[in-house]
Amino acid sequence: MSDSLPETDREELMARHRKEKKELQSKIQSMKKMKVDKKKKKEIQEEIANLEQEIEQRHAEELNRLNIADPTEPEPTTAQDAHAEANDECNNGSDEKPEPRLSKAQRRRDKKAQDNRERDAQIKQEEALLQKSSPRIIENNRINEILLKRGMLTHTVPADGDCLYNAINHQLVQLGISAPSVPELRHLAADYIEANRDTMVCYMSHPDTGDMLSPAEFDKYCHQVRATKSWGGEIEIKALSSSLKCPIEVIQAVGPTTVHGEGEDGNRKLVLTYHRHMYRLGEHYNSTKTLPPKSVDDDED
């Protein structure tokens, strides 16, 4: 198979790049139109910048790989090379077979192939370094460090809008406590917020204006908690901690650990992890679990 790349390959690559940039711009426009609070808007802007940087870097690397894969035409054997090869054949008339001698053209092809391999290896190393320095990797490493010191691990739950409720459900099951389903947890949270309107509304604000919610907005909020896939946060954690009579601790990479319901029974504490950078379009909650004990074989190693 030839190493050459026809001009159509370059045209196909450029066409794909244009298509990907167009799709990215469409996605960015959708992200900009999302109705979110100022904090979320800033995070979305940072995510947009990261997406643009990633696609520019990847496109540049793909073009670079295309450029370094140009074909090398085999050089014709010169009269001097032919004469040298003939002498070698005459001088080695014995039964012992001479080692094959590489032509200048073959040596040049081998050198180029080696250069390409080294360049590809360097690109992979740089990509690995970029990945290790990403906010997501740094955040996960920091959270894992905190958990390992406490003999714990992260337990991942789906990022489907119900992550908080799934994480709490998992924690209740881990403790052997009767665990309401996700819809039941949503109803518990909404019921508590509605029953404690005067207290809870003080912690709630409109995502666009920052103003306290009006009665109609408050009712709409409770409906979203109860009947939609709306993302749960501090308000819902506070509500569920009180409803379930369980302290809920939230561990994060940056900033102090928070505990809701500190006056509740410590033996019923639920431990969650909070991730700002795990997914592109929003925060995420995971559950935790106890680190399994080392086996005898592990100790012997």
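Mentor: One term before we start: buried means under 20% relative accessible area, exposed means over 50%, and partly exposed is in between, using a 1.4 Å probe and protein chains only. Keep in mind that this is a predicted model, where local features need pLDDT of at least 70 and side-chain atom pairs count only at pLDDT 80 or more, while totals for chains, interfaces and linings use all residues. Residues are numbered from 1 along each chain as its sequence is written, and side-chain values use heavy atoms, leaving out hydrogens and water.

Trainee: Is Ile55 buried or exposed?
Mentor: Ile55 sits in helix α2, residues 38–68. Helices here are DSSP runs of H or I with at least four residues, strands are runs of E with at least two, and both are numbered from the N terminus. The relative accessibility of Ile55 is 9%, so Ile55 counts as buried.

Trainee: Which residues is Ile55 in contact with, leaving aside neighbours within four places in sequence?
Mentor: Contact means heavy atoms within 4.5 Å. Lys21 is 34 residues from Ile55 in sequence, yet the two are 7.7 Å apart in space, C-alpha to C-alpha. With those sequence neighbours set aside, Ile55 is in contact with Glu20, Lys21 and Leu24.

Trainee: Zooming out, what share of the chain's 301 residues is buried?
Mentor: The chain has 11 helices and five strands. Taking contacts between residues at least 6 apart in sequence, 63% join residues at least 24 apart. As for burial, the share of the 301 residues is 29%.

Trainee: How are α7 and α9 oriented to each other, roughly parallel or roughly antiparallel?
Mentor: Two packed helices are described by the angle between their axes and the distance between the axes. The axes are lines fitted to C-alpha atoms, for helices over the stretch in contact, and angles run from 0 to 180 degrees between N-to-C directions; under 35 degrees is roughly parallel, over 145 roughly antiparallel, 65 to 115 roughly perpendicular and the rest oblique. Helix α7 (residues 182–195) and helix α9 (residues 215–227) pack at about 160°, with their axes 8 Å apart. That is why α7 and α9 count as roughly antiparallel.

Trainee: How do the residues in the contact of α7 with α9 divide by class?
Mentor: On the α7 side you'll find Arg186, His187, Ala189, Ala190, Asp191, Ile193 and Glu194, and on the α9 side Phe218, Tyr221, Cys222, Gln224, Val225 and Arg226. Ala, Val, Leu, Ile, Met, Phe, Trp, Tyr, Cys and Pro count as nonpolar, Asp, Glu, Lys and Arg as charged, and the others, Gly among them, as polar. For α7 with α9, that gives seven nonpolar, two polar and four charged.

Trainee: And how are α6 and α7 oriented to each other?
Mentor: In this contact, Tyr165, Asn166, Ile168 and Asn169 of α6 meet Val182, Leu185 and Arg186 of α7. By class there are four nonpolar, two polar and one charged residues. The α6 and α7 axes are 9 Å apart, at an angle of about 105°. So α6 and α7 are roughly perpendicular.

Trainee: What about α6 and α10, how are they oriented?
Mentor: Leu164, Tyr165, Ile168 and Leu172 in α6 meet Glu236, Ile237, Leu240 and Leu244 in α10. The residues of this contact are seven nonpolar, no polar and one charged. Helix α6 (residues 163–175) packs against α10 at about 30°, with the axes 11 Å apart. The two helices are therefore roughly parallel.

Trainee: Which residue follows α10 with a positive phi?
Mentor: Helix α10 covers residues 234–244, and its buried residues are Ile235, Glu236, Ile237, Ala239, Leu240, Ser241 and Leu244. The residue after α10, with a positive phi near 60°, is Lys245.

Trainee: Which residues do ring pairs link into a cluster?
Mentor: Rings of Phe, Tyr and Trp (its six-membered ring) pair if their centres lie within 6.5 Å; planes under 30 degrees apart are stacked, over 60 edge-to-face and the rest tilted. The whole structure has two aromatic pairs, and Trp231 with Tyr285 is stacked, at 5.6 Å centre to centre and 25° between the planes. Tyr274 and Tyr285 have ring centres 5.3 Å apart and planes at 45°, so that pair is tilted. The cluster is Trp231, Tyr274 and Tyr285.
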